[in-house]
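Here are my notes on the model, as numbered points. Please read them beside the coordinates.

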Amino acid sequence: MSLNRSEKEAVINEVTSLAAKAQTLVMAEYRGITVADMTKLRTEARSKGVSLSVLKNTLARRAVAGSSFEVVGDQMTGPLIYGFSEDAVAAAKVVADFAKTNDKLVIRGGAFGGKALDVEGVKQLANIPTKEVLLAQLLGLMQSPISRTARVLAALAEKRGGGEAPAEAQAA
């Protein structure tokens, strides 16, 4: 079914607004995927904050024109599903994880930070830990020297005093 001009403009406007908010675009070929599998992919994507769309490539090219995703306009050929995400790694992670279990979904490329990504680039982006994990790791690194210092002070106090460690060292 063909879209009329106003419907095409509405699609372009919607995708343009998605592209304006997004940090990452991932494109994958979906030829041969069952409806049930596509529904699973869309459900997973929605839960991770990724917007998946099957678009006409000409409309997608027009929608990303002038944005940081314009660099992949020449790769927009064939039956593609487009994943936009505000989180830098979410779209790549969702598509790459699904592609591991379903060989019919083939990653074609993507864009991040105004640079085009090939298949390996998308997979590398997908392997980056999430923001929450990175923040937890950073916090652990920041707490490590403090907790080591507290343990050393507690051990020194115990060795000198032969008994109770200071309250500050025990609290840490």
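1. Surface. The accessible surface of the protein chain is about 10600 Å². Carbon and sulfur atoms hold 56% of that surface. Areas come from the Shrake-Rupley method with a 1.4 Å probe, and for residues only the protein chains shown count as cover.

2. Basis. This is a predicted model: local features need pLDDT of at least 70, side-chain atom pairs count only at pLDDT 80 or more, and totals for chains, interfaces and linings use all residues. Residues are numbered from 1 along each chain as its sequence is written, and side-chain values use heavy atoms, without hydrogens and water.

3. Elements. The protein chain has seven helices and five strands. Their order from the N terminus is α-β-α-β-α-β-α-β-β-α-α-α. Both are DSSP runs, numbered from the N terminus: helices are H or I with at least four residues, strands E with at least two.

4. Dimensions. The C-alpha trace spans about 85 × 35 × 25 Å along its principal axes.

5. Residue N102. Where is N102 placed? It lies in the loop between α4 (90–101) and β4 (106–112). N102 counts as buried because its relative accessibility is 9%; buried means under 20% relative accessible area (1.4 Å probe, protein chains only). Beyond its neighbours within four places in sequence, N102 contacts I33 and D37, with contact meaning heavy atoms within 4.5 Å.

Note on methods
Buried means under 20% relative accessible area, exposed over 50%, partly exposed in between (1.4 Å probe, protein chains only).
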